[in-house]
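Please look over the sequence and the structure shown here before reading the notes that follow.

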There are 2 protein chains.
Amino acid sequence: MDESDTDTKKAARESGDTAPGQSAADDTQNGLLENASAKRRSGGVNARMRDVAKRAGVSTMTVSRALSDPDRVSAEMRERVITAVKEIGYLPNHLARSLSSTRSTTIGLIVPSVDNFIYTQTVKGLSEVIRRSGFQLMVAECGHDEDEEEEVIKTFLGHRVGGLILYNTEHTEEARAMIRASDVPVVESGNLPRRPLDMAVSYSNSEAAKAMTLYLGRLGYKKIAFACLDTRNNDRSRDRREGYLEALKQLGQTPDPRLIIDTARGMAAGAEAVAHAVEAVPEVDALFCGGGLLAAGAFFECQKRGWNMPGRIALASFDDIEMLHHLSPTVTTLRLPRYDIGVRAAQMLISRILDRADHLKGSVVDLKFEIIQREST
Amino acid sequence: MDESDTDTKKAARESGDTAPGQSAADDTQNGLLENASAKRRSGGVNARMRDVAKRAGVSTMTVSRALSDPDRVSAEMRERVITAVKEIGYLPNHLARSLSSTRSTTIGLIVPSVDNFIYTQTVKGLSEVIRRSGFQLMVAECGHDEDEEEEVIKTFLGHRVGGLILYNTEHTEEARAMIRASDVPVVESGNLPRRPLDMAVSYSNSEAAKAMTLYLGRLGYKKIAFACLDTRNNDRSRDRREGYLEALKQLGQTPDPRLIIDTARGMAAGAEAVAHAVEAVPEVDALFCGGGLLAAGAFFECQKRGWNMPGRIALASFDDIEMLHHLSPTVTTLRLPRYDIGVRAAQMLISRILDRADHLKGSVVDLKFEIIQREST
DNA sequence: AGAATATTTGGTATCGCTAACATAATAGCG
DNA sequence: CGCTATTATGTTAGCGATACCAAATATTCT
């Protein structure tokens, strides 16, 4: 009874001209098949659509439709299928679904690092929207290495992701070519790209740095130091430095190379930055830190030295991390729309995938930033 | 010439009894196929193994073997295949690979939240090992909600992940059943489970809390408050509280419910905890915070009140976040092996998948913790 | 009412790859 | 030198789903 319909079909097809030998072979195979699937089917988790179909007494196509496009089957069928699915504990196989339909619900995300709060807020936004939309997130790190990014892109395209999110706007030529050829929608973030691959959602690092520097200048600070993160493999850092310089120009201040302090990440680096700045230019009266932890480290160093902020030195930070407004004095920061960037990026990407929203192609969304003015300036 | 081999095969199979009409139909289909794939094939990224095979003049099986088990083909073949792959820019389709082989290189990770440093350090460890081993990470959030976790598990099993990592040790019965039925290896983390699903890698929350409390007690503190995170949906928090109580018992101190302060997350909550503690029990002489940000918030509150640490009150924290050893006084903390947990968990999971290391089944690895003694106690 | 159209359901051939078996070519052995 | 191991490649039949088209049934309209 189990395989009856399949058998009759086969018989119908074979009637008339099949050699007996071949028929025997077919039967054997059928037997093997049944054994194998019976073993696997023990847990309903591994059941196939066919098992559901058999149980509901319908074809696999009806099951397929009932599950992925319920309106295309009658209410009664839908009911029967859903019941069978529940009874068996069937879980649709997404691999087969994607392979067969050439549509994928997996989105690939590539970030420099998964344990840096700079990125994780964006990841949070992405994650929430993606999951709510029935998609899944595949994540990988690429450091600040374009070649590594290329490798990951290759892997993700191999997985036939439905879309890509790159927290980076500089890519190898090879990576660009692959993405173009694959025709997979992409959102870049982390900066506003001059030459977007496809779509982009970000704030402008240069504008933000410029705005903060201008703000400091307008408050009357004359010797504004800038603690700058590594610019070698990081266009974000480079753009921040550009913004800083641009602002100085607008303020009519001549940039002093000794006031641009190259620093590592972390609080210790922030403390060092203070030391370097004051050693090189004793009359420095403001320090703009290119990162939140940097600013926190600088803060404690200043405090240790007994300096008033902003009396002796004003302090401003690029990122608005929680700590900075619990310190005393509270620290002036740039609030960046990190979470919103994630949300928006995911929404745009999913529109492209689901609604073929091709008009979004090429859009570069600037989500701006905000200066949070506090006591330290 | 293009489709010659396929054509001959088909001809051979059809010889003798196929109706002309059907043959014609076949031809049409072939033609359509060719058109479609020619279109798709424009970018090598979407090429199929067949295209590579044709170019190298070998069968697809040889290509398959050359790529996934190079030692099983001759050096010359390997060479030819690799060359063809490069010329075309072919990327193997992982979906098809997994479907066909019923092996998957995707690992599913479920964490309560992707933007909490508590988890991200572990994710970092996982991510590095997973990628180095040629696997991919699929990530989703589940909050502190078991039902949500169950949903995500369902999705991931649908994607036929090769393994699961759950940052949580409490699951719905349904979730346990599905995992058991699916026979997918699992690592639980975040706590040492009494009843592991499969494998587990963690430290013990109760032991850690107990150790810190004992440490404080032995230093002579008599009124040790504990700032406790939400225990309703969080066995980690519950275990920490248990550890605290256990230690008090061992110290011969009677627990005072007013010294167990239920708090939310974040620095603001830490500040409130200080206020609550001192209001309820003015003679409180130590505060043990169940989280790093909590401790930081408490620190600033004490500072604001002009309290000496540990003169007026000793402060200790459950997590060793960077900030806490940049403050003055530096804060005593529990250092937890979060990164190592990720590394170890990934290694074990991958051993299970790749080497069928079944002896690992059931292992619960305790990676311990360390008390970092600093000035605040 | 009867043809025409719309709606539901089913059959078959893929999607791109690998497992399993079959075969050809090479090597090893007494 | 013939015959069995071994190695290297090819053939076939799926993996579990959906696309596409055909068939059957229900609905609408003149």
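Just after helix H14 of chain A, Arg356(A) takes a positive phi of about 50°. This is a predicted model, in which local features need pLDDT of at least 70 and side-chain atom pairs count only at pLDDT 80 or more, while totals for chains, interfaces and linings use all residues. Residues are numbered from 1 along each chain as its sequence is written, chains are lettered from A and ligands numbered from 1 in the order in which they are written, and side-chain values use heavy atoms, with hydrogens and water left out.

**Helix H14 of chain A**

- H14(A), residues 338-355, has 18 residues and reaches 25 Å from its first C-alpha to its last, close to the 26 Å expected at 1.5 Å a residue; the expected span is 1.5 Å times one less than the number of residues, and helices (H or I, at least four residues) and strands (E, at least two) are DSSP runs, numbered from the N terminus.
- Among the buried residues of H14(A) are Ile341(A), Val343(A), Met348(A), Leu349(A) and Ile350(A), along with Arg338(A) and Arg352(A), where buried means under 20% relative accessible area, exposed over 50% and partly exposed in between (1.4 Å probe, protein chains only).

**Helix H11 of chain B**

- The 17 residues of H11(B), residues 235-251, should span 24 Å at 1.5 Å a residue, and the end C-alpha atoms are 24 Å apart, which agrees.
- Buried residues of H11(B) include Asp235(B), Arg236(B), Asp239(B), Arg240(B), Tyr244(B) and Leu248(B), and what covers the buried residues includes helix H7 (117-132), helix H10 (205-218) and helix H14 (338-354) of chain B, with contact meaning heavy atoms within 4.5 Å.
- At the start of H11(B), a side-chain oxygen of Asn234(B) reaches to within 2.9 Å of the backbone nitrogen of Arg236(B), whereas the helix is followed by Gly252(B), whose phi is positive, near 75°.

**DNA strand C**

- Of the 27 residues around DNA strand C, Thr62(A), Met49(B), Ser64(B), Tyr90(B) and Arg103(B) come nearest, a residue being near if one of its heavy atoms lies within 4 Å.
- Sugar and phosphate account for 67% of the atoms of DNA strand C that come within 4 Å of the protein.

**Interface between the protein chains**

- In chain B, 53 residues are in contact with 53 residues of chain A, and the area buried between the two chains is about 4700 Å², of which carbon and sulfur atoms give 62%; buried area is the accessible area (1.4 Å probe) that two parts lose on being put together, summed over both.
- Leu95(B), Arg131(B) and Arg160(B) supply 15% of the area that chain B buries against chain A, more than any other three residues.

**Backbone features of chain B**

- Cis peptide bonds join Met309(B) to Pro310(B), with omega about 5°, and Ser328(B) to Pro329(B), with omega about 5°.
- Thr102(B), a residue other than glycine, has a positive phi near 50° and is exposed, with a relative accessible area of 69%.
- Lys368(B), also not a glycine, has a positive phi of about 60° and counts as partly exposed at 48% relative accessibility.

Notes. A polar contact is a pair of N or O atoms within 3.5 Å; within protein, one must be able to donate a hydrogen and the other to accept it, and residues adjacent in sequence count only if both atoms are side-chain atoms.
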